[in-house]
Every structure is written in C-alpha cells, then in structure tokens.
Amino acid sequence: MYNLFKFIAKYHFFLLFLLLEIISLTLVVQYNNYQKAKFINSANAFTGNIYTIQSNITNFFKLKKVNEQLAEENAYLKSVTKEIHYVEVPMLTSDSIFLTDTLFLDTLISLNYIPAKVISNTTNKQQNIIFINKGKNDGLYENMGVVNQKGVVGVVRNISNNYATVVPIINTGFNINAKIKDSGFFGNLTWDGVNPLYAQLYDIPNHISPQKGDTIVTSGYSKVFEDGNIIGYIENVETVPGKSFIMIQVKLAVSFGNLNYVYALQNNFDNELDSLSYEN
C-alpha cells in the first residue's frame, strides 16, 4: 500500500492528465455522431479480434460437437435445395440441332444466405448480444435477419468491416411480428428476460384455441424476415384477466446456449422495398 501511495504521489500529474484525457474523449464521442460512429466501428473491430482469438482456442476443444452441428447444417441445406424454384424452358428444335427441354434456375429468388461464425454470445443478461465474424466486406448491413438451421436468431445491429453484432430474440429490446402457422393469427413476440429457452407471444385473440406444439413462425410483415421462418413451438397458453387476448409461452427453436454458426439473410429486393416505403 505504501508503494502504491508513493507511486501515485510521484506520478500524480501524469495520472491527472490521463484522467482528463479520458473524460475529454468520452464527451467528444458521446455528443458527436460522427465520432460516435467511428468509435463504435473501431470498438467492434477490436472486440471482434479478441473474441476471434478466444473462439479459436475454445473451438479446438469443441470439435466433436461442431462436427455434429455441421452435419445438421448439411441436412438443412439439402432440404433447402429441394425448395429451389425452377422455370421450364420450352423445347427447341432446328434442322440440325435438337434440344430437349431444360430447367434453369429461377434468378428471382429473393434471399441469399451469408454464413457466419459466432465468436461470442451471452444468454444470462437482459440485453444479450451475439458477435459474428462477418461484416461490411462480406455484404452485411444493418437490420438483416439472422437464422440458423433451427430457426430465427435475431437481427444485425452494428457493423464494422469484418465483424457485426446481432440482437437475438433473447434480448428484452427485441420484438418481432409472429403468427401461429396453422391458424394464421398473428401477434407481437418479445422476451421477458427470464428464461433464454422461452419467449412470449401477445395480442392473440382469446376466441381461438391454439394447441401445445403448434409452430410459431414469422408473419412476413417486414422486409427483415420472409413469411414462415420458424421461431418456436407453443409450450402453454395463458389467459390475461380483463383482456380479450391471450399470452402464449413459446419454446424457442434455437438453442442460444449452443450457437456456433448462423446465416445472415440478404434480401435481393431490399432497395426496391426501401424505395416503395419512401414513396409512401
């Protein structure tokens, strides 16, 4: 302790200078939008590098589990390819050439999947955040939907050149328009901050009778997610006293405690939708 006081007494001018510099920089970043954006991007890049090193070390000890997840990813991709849309080209003939009818890939598919690795993830906070190893250089932008092979993960928030943060469903600031797959009734899905395995769906009218196990999917009422992305499954239904709506407890499809790879959804019609929104 004596040495500490001696050190402070010897360098108190320098320490005071450092303190004032930190306060000055904090004020500059806090009250200037340009400096604030630069700081967030730089912080994302620095934090991303740290998390990458940490992730590389921990992943070495989780190779078996990662291989199992990659096998599930392959199964998911195979199922997706079955749903790719094709257009049929009429049969063509000529004097010297005979062409049988051919199938071409439909280039009007609205979504591209950009794979990314999760390098940091929390599940024990109210404002949980996910770090992924893809950024602007990979085609990511703010407000992109993010999924994995199980279902909806969240939405891209901040981006640097090589990294991005994702606000997951298990963040109390997150909400999404969702519907019951079979009946089509929709409401607002949020997370109450209690259990990372469950979210809550509100505003469903109480005259319907949803069943345990029914699938909850995205409604498609936004440009972030298309209609039908799986969010989870009904666990139980609760009546709200004095209200004409019910609250549904939803068991989330995604296991956020075991999240290794995700896909950012690039909407090929995003600019077109933005222009229509602007015109309206």
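I started with confidence by element: strand β4 (residues 102-105) has the lowest mean pLDDT of the chain's elements, 46, while strand β9 (residues 164-168) has the highest, 95. For my own reference, pLDDT is the predictor's confidence in each residue, from 0 to 100, and strands are DSSP runs of E of at least two residues, numbered from the N terminus.

This is a predicted model, in which I take local features only at pLDDT of at least 70 and side-chain atom pairs only at 80 or more, while totals for chains, interfaces and linings use all residues. Residues are numbered from 1 along each chain as its sequence is written, and side-chain values use heavy atoms, with hydrogens and water left out.

Next I checked the whole chain: the pLDDT averages 81, and 81% of the residues score at least 70. Residues 97-108 fall below 50, yet I find 23 contacts there beyond near neighbours in sequence (contact: heavy atoms within 4.5 Å). Residues 86-90 stay under 50 too, with 14 contacts beyond four places in sequence.

Then I turned to β12 (residues 198-205), where six of the eight residues are buried (under 20% relative accessible area, 1.4 Å probe, protein chains only). Strand β11 (residues 186-190) runs antiparallel to β12, joined by three bridges; Asn188 has Tyr202 as its bridge partner. β12 also pairs with β15, antiparallel, over six bridges, and Gln200 faces Gln249 there. Pairing requires at least two DSSP bridges between the strands.

Last, I looked up Asn260, in the loop between β15 (245-252) and β16 (261-267). Asn260 is buried at 6% relative accessible area. Beyond four places in sequence, Asn260 touches Lys62, Val66, Gln69, Ala116, Lys117 and Val118.

Key
Helices (H or I, at least four residues) and strands (E, at least two) are DSSP runs, numbered from the N terminus. Buried means under 20% relative accessible area, exposed over 50%, partly exposed in between (1.4 Å probe, protein chains only).
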